[in-house]
Amino acid sequence: MSGMSDEDNKQLDVLPSGKSPGHTKQVWLGIGLLAVLHLLLFLFPIAFFFISIAQLIYLLPAILIFRKKSGIVQGLLIGAGITFLLNAACFGLLLSGNLSL
């Protein structure tokens with residue numbers, strides 16, 4: 001007998017930040033899931049030219065499916081943000097003339 005109540009034992013499963021120990025793993029799982037969804041764009045190569053619209057088509061349903069798992073949703077949103085920034089940077093290079101097709 002440890003002298004701790006059941007409520008004290010439940011609090012041990014939560015980090016001081018209020019997140020469960022597997023939260024970081026879920027975030028990485030969400031980023032990986034979005035990467036796999038991006039790989040599906042190779043089935044429709046023209047979608048790369050419209051990646052912002054194509055990403056919305058599969059990102060919104062994925063967020064709705066995993067809305068109860070906040071770590072996965074955070075990973076999906078982090079991946080979407082990275083995609084947006086890379087897309088904006090490449091578009092900027094293309095417009096500036098430093099990158100030609």
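Hi everyone, and thanks for coming. Some housekeeping to begin with. Because this is a predicted model, local features need pLDDT of at least 70 and side-chain atom pairs count only at pLDDT 80 or more, while totals for chains, interfaces and linings use all residues. Residues are numbered from 1 along each chain as its sequence is written, and side-chain values use heavy atoms, with hydrogens and water left out.

Let's talk about confidence. pLDDT is the predictor's confidence in each residue, from 0 to 100. The chain has a mean pLDDT of 82, with 78% of its residues at 70 or more.

Now the layout. The secondary structure comes to 4 helices and 0 strands, where helices (H or I, at least four residues) and strands (E, at least two) are DSSP runs numbered from the N terminus. Along the sequence that reads α-α-α-α. Of the 101 residues, 23% count as buried; buried means under 20% relative accessible area, exposed means over 50%, and partly exposed is in between, with a 1.4 Å probe and protein chains only. Take contacts, meaning heavy atoms within 4.5 Å, between residues at least 6 apart in sequence: 55% of them join residues at least 24 apart.

How do H2 and H3 cross? The axes of H2 (residues 23-39) and H3 (residues 51-65) come within 11 Å and cross at roughly 145°. Those axes are lines fitted to C-alpha atoms, for helices over the stretch in contact, and angles run from 0 to 180 degrees between N-to-C directions. On the H2 side, Leu34, Leu37 and His38 meet Gln55, Tyr58, Leu59 and Ala62 of H3. Those residues divide into 5 nonpolar, 2 polar and no charged. Here Ala, Val, Leu, Ile, Met, Phe, Trp, Tyr, Cys and Pro count as nonpolar, Asp, Glu, Lys and Arg as charged, and the others, Gly among them, as polar.

Leaving aside neighbours within four places in sequence, leucine 37 is in contact with Tyr58 and Ala62. Glutamine 55, in H3, counts as buried because its relative accessibility is 7%. Not counting residues up to four places away, glutamine 55 touches Leu34, His38, Ala80 and Thr83.

On to the core. A nonpolar core is a set of buried Ala, Val, Leu, Ile, Met, Phe, Trp, Tyr and Cys residues joined through side-chain atoms within 4.5 Å. The largest one has 14 residues, and those with the most contacts inside it are Leu34, Leu37, Leu41, Tyr58, Leu59, Ile63 and Leu76. H2, H3 and H4 are the elements giving two or more residues to this core, and H3 supplies the largest share, 6 residues.

Is asparagine 87 buried, partly exposed or exposed? It is partly exposed, because its relative accessibility is 32%. Beyond four places in sequence, asparagine 87 touches Ile51 and Ser52. Isoleucine 78 is also found in H4 and is partly exposed, with a relative accessible area of 40%. Leaving aside neighbours within four places, isoleucine 78 is in contact with Val27 and Ile31. Its C-alpha is separated by 9.6 Å from that of tryptophan 28, 50 residues apart along the chain.

That's my tour, and I'm happy to take questions.
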